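Look over the sequence and the fold before reading on.

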Amino acid sequence: MAAVSHRKPLAGLAPTALLLLGALYCLFPVGWVLIAATKSPGELFSTATLAFGTGFLDNMAELFAYRDGVFWLWAANTLLYAGGGALLSTAVSAVSGYALAKYRFRGRNLIFNLLIGGILVPGVVLAIPQYLLFSKIGLADSHWAVLLPQILHPYGIYLARVYATAAVPDSLLEAGRIDGAGEGRLMARVAMPLMTPGMVTIFLFQFVAIWNNFLLPFIMLGDDGKFPLTVGLFTLLAAGANQPALYNLILTGAFLSIVPLIALFLTMQRYWKTDLSSGAVK
C-alpha cells in the first residue's frame, strides 16, 4: 500500500509538468515583449535578452507623441472593431444558437450542417471575395468593411447551440408558455440569463479574434486613420527598416496592445459559472 501511495503523487507530476511547460512556452513571448519594451534604443541591441532596461517611460512618451498620437487613434479603432464586432456577433450567435437548439423547423439540420462546414473554411480564403464584394457596394476602406464580416461567426453559433441545449431546460420553457409568456419574453427573460456564461465565452473568443485580426483590415483599409493596432504597428515595422529607432515604439505598442486583453479576461472570468441551471433554481 505504501508503494501505491507514493506512485500516485508521482503520476500526477507528469501532467503538471507538461502544463507548466506549455504555460512557459505561451508566456515567454509575452515576457520577452515586456522586457524589450523597457529598453532604450541604445539598450535594445546591446544588453542581454532577458535584462530589463531603463527606457520604458521614454518609449511610452515617444509612442504617444508619434504622428500627433496616431497610436491612440489605432487603439480606438481596434476597440471599435473588437468591442462592437464581438457584441454584435455574440447577440447574433446567442439568438441563432437558441433557435437551432429549442425550435423544430424544416431545414434546421441543413442550416446547422452548413454552419459546421463554415467553421472549416479558413478566414484567409474569404478575405479577397469579401473585399471584392465590399468594393462593389462602396464600403471598402470604411469601418463597416471590418465590422460586418465579423458579425456572423459559425463557431459562435455552434457554441451557443451547444450551450443552449445544455443550459436551458425544455421543461422551464414549457412552464413559461403555460403561464402565458410569449416566445420573445421567454428568450429574453429565461433563456438569455441562463446562457450568460456561454455568451461571455463567445464574446471573449470573438473579441480576442477581432483584436488580433490582421489580414482583413490590411486588405480592406487604405486610410491609416482607420487602421487597428495590428495594421498600424505593421506600418511602423515596415518603416523601422529605415528608422531603427522605431523598433522601441513597436515593442512598446505591442506590449500595450496586450494589456487590454489581459484585463478583459481577469474582469470577465467571474461570469463563468459551473452550475448551468443556477438561474432556473433562482
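How many cavities of 30 Å³ or more does a search of the whole structure find? The search finds one. This is a predicted model, in which local features need pLDDT of at least 70 and side-chain atom pairs count only at pLDDT 80 or more, while totals for chains, interfaces and linings use all residues. Residues are numbered from 1 along each chain as its sequence is written, and side-chain values use heavy atoms, with hydrogens and water left out.

**How empty space is found**

- Rolling a probe the size of a water molecule over the atoms shows where empty space is left.
- The grid has a 1 Å spacing and covers the protein atoms alone. A cavity is a set of points where a 1.4 Å probe fits but cannot get out. A pocket is an open set with protein on both sides within 12 Å along at least five of seven lines. Lining residues have an atom within 4 Å of a point.
- A volume is the space filled by probe spheres set on the points, and grid points are joined across faces, edges and corners.

**The largest cavity**

- The largest cavity holds about 50 Å³ of space.
- Its lining is made by Thr78, Tyr81, Ala82, Val146, Gln150, Ile210, Trp211, Asn213, Pro217 and Pro228.
- The largest share, three residues, comes from α4.
- By class, the cavity lining has seven nonpolar, three polar and no charged residues. Here Ala, Val, Leu, Ile, Met, Phe, Trp, Tyr, Cys and Pro count as nonpolar, Asp, Glu, Lys and Arg as charged, and the others, Gly among them, as polar.

**The largest pocket**

- About 570 Å³ of space lies in the largest pocket.
- It is lined by 21 residues. Val121, Pro122, Gly123, Leu126 and His153 lie nearest its centre.
- α5 (108-119), α6 (123-136), α8, α11 and α12 (215-220) each supply at least two lining residues.
- The largest share, five residues, comes from α6.
- The lining of the largest pocket divides into 14 nonpolar, seven polar and no charged residues.

**The second largest pocket**

- The second largest pocket holds about 420 Å³ of space.
- Of its 18 lining residues, Trp211, Asn212, Ser257, Ile258 and Leu261 are the closest to its centre.
- α11, α13 (229-239) and α14 (246-268) each supply at least two residues of this lining. α14 gives the most, with eight residues.
- Its lining has 14 nonpolar, four polar and no charged residues.

**α4 against α8**

- Helix α4 (residues 70-102) and helix α8 (residues 154-167) pack at an angle of about 50°, and their axes are 7 Å apart. Axes are lines fitted to C-alpha atoms, for helices over the stretch in contact, and angles run from 0 to 180 degrees between N-to-C directions.
- α4 and α8 are therefore oblique to each other. Angles under 35 degrees count as roughly parallel, over 145 as roughly antiparallel, 65 to 115 as roughly perpendicular and the rest as oblique.
- α4 passes α8 in a right-handed crossing. A crossing is right-handed if the near helix is turned clockwise from the far one by less than a right angle, and left-handed if anticlockwise.
- Ser93, Ala94 and Tyr98 are among the α4 residues that meet α8, whose partners include Gly156, Ile157 and Arg161 (contact means heavy atoms within 4.5 Å).

**α5 against α8**

- α5 and α8 pack at an angle of about 130°, with axes 8 Å apart.
- These two helices, α5 and α8, are therefore oblique to each other.
- α5 passes α8 in a left-handed crossing.
- On α5, the contact residues include Phe112 and Ile116; on α8, they include Tyr155 and Tyr158.
- The contact of α5 with α8 has eight nonpolar, one polar and two charged residues.

How values were computed. Helix = DSSP H or I, 4+ residues; strand = E, 2+ residues; numbered from the N terminus.
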